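Please read these points with the sequence and the coordinates open beside them. They are ordered so that a reader new to the structure can follow them one by one.

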Amino acid sequence: MESAVIQCPYCWQSIEVLIDESVACQEYVEDCEVCCRPIRLVVTVRPEEAVEVEAFTEDE
């Protein structure tokens, strides 16, 4: 598991999330630990490159 720091699209606070690098493309919802709103995370893992994590509001 790899950790990544993202910015909550609701409260704009930085939070740390854990990423499973064994799955190349992932999409899941995780609640913000500050404001508790649901964040839709889109994760792309490419060999030999940095993990890309995008954070969206629930309706984006």
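1. Terms and model. Strands here are DSSP runs of E with at least two residues, numbered from the N terminus. This is a predicted model. The chain has a mean pLDDT of 94, and 100% of its residues reach 70 or more.

2. An open sheet is formed by three strands in the order S3-S4-S5, with antiparallel pairing. Strands S3 (25–31) and S5 (52–56) are at the edges and have a single partner strand each, so one side of each has no neighbour in the sheet. On average, and with direction ignored, neighbouring strands of this sheet are turned by 25° against each other.

3. The pairing of S3 with S4. These two strands run antiparallel, and seven bridges join S3 to S4, which covers residues 38–44. Two positions can be checked by eye. Glutamate 30 has isoleucine 39 in S4 as its bridge partner, and glutamine 26 stands opposite valine 43 in S4. The two strands form a hairpin with six residues between them.

4. The pairing of S4 with S5. Five bridges hold this pair, again in the antiparallel sense. Leucine 41 stands opposite alanine 55 in S5. As for accessibility, S4 is mostly covered, with six of its seven residues buried.

5. Most residues other than glycine have a negative phi. Which residue in the turn of the S3–S4 hairpin has a positive phi? It is cysteine 36, with a phi of about 65°. Cysteine 36 lies in the loop between S3 and S4 and is exposed, at a relative accessible area of 54%. Glutamate 48 also has a positive phi, about 65°, although it is not a glycine. Glutamate 48 sits in the loop between S4 and S5. With a relative accessibility of 84%, glutamate 48 counts as exposed, because the cut-off for that word is over 50%.

6. The core. Twelve residues make up the largest nonpolar core: Ala4, Ile6, Cys8, Tyr10, Ile15, Val17, Ile19, Cys32, Ile39, Leu41, Val43 and Val45. Strand S1 (2–7), strand S2 (14–19) and S4 are the elements that give two or more residues to this core. Ala4 is a member of the core. Leaving aside neighbours within four places in sequence, alanine 4 is in contact with Ile15, Glu16, Val17, Ile19 and Val53.

7. Glutamine 26. A polar atom of its side chain lies 3.2 Å from the backbone oxygen of valine 23. Neighbours within four places in sequence left aside, glutamine 26 is in contact with Ile19, Asp20, Leu41, Val42, Val43 and Val45.

8. Valine 53. This residue is found in strand S5. A relative accessible area of 22% makes valine 53 partly exposed, since buried would require a value under 20%. Apart from neighbours within four places in sequence, valine 53 is in contact with Ala4, Ile6, Ile19, Leu41, Val42 and Val43. Valine 53 and valine 5 are 48 residues apart in sequence, and their C-alpha atoms are 8.8 Å apart in space.

9. Threonine 44. Where does threonine 44 lie? Threonine 44 is in strand S4 and is buried, with a relative accessible area of 16%. Which residues does threonine 44 touch, neighbours within four places in sequence left aside? The contacts are Ala24, Ala50, Val51 and Glu52.

Technical notes. Residues numbered from 1 in each chain as written. Predicted model: local features only at pLDDT ≥ 70, side-chain atom pairs only at ≥ 80, totals over all residues. Heavy atoms only, no water. Pairing = 2+ DSSP bridges. Helix = DSSP H or I, 4+ residues; strand = E, 2+ residues; numbered from the N terminus. Axes fitted to C-alpha atoms, helices over the stretch in contact; angles between N-to-C directions. Buried < 20%, exposed > 50% of the residue type's maximum accessible area, 1.4 Å probe, protein only. Core = buried A, V, L, I, M, F, W, Y, C linked by side-chain atoms within 4.5 Å. Contact = heavy atoms within 4.5 Å. pLDDT = per-residue confidence, 0-100. Polar contact = N/O pair within 3.5 Å; in protein donor to acceptor, adjacent residues only side chain to side chain.
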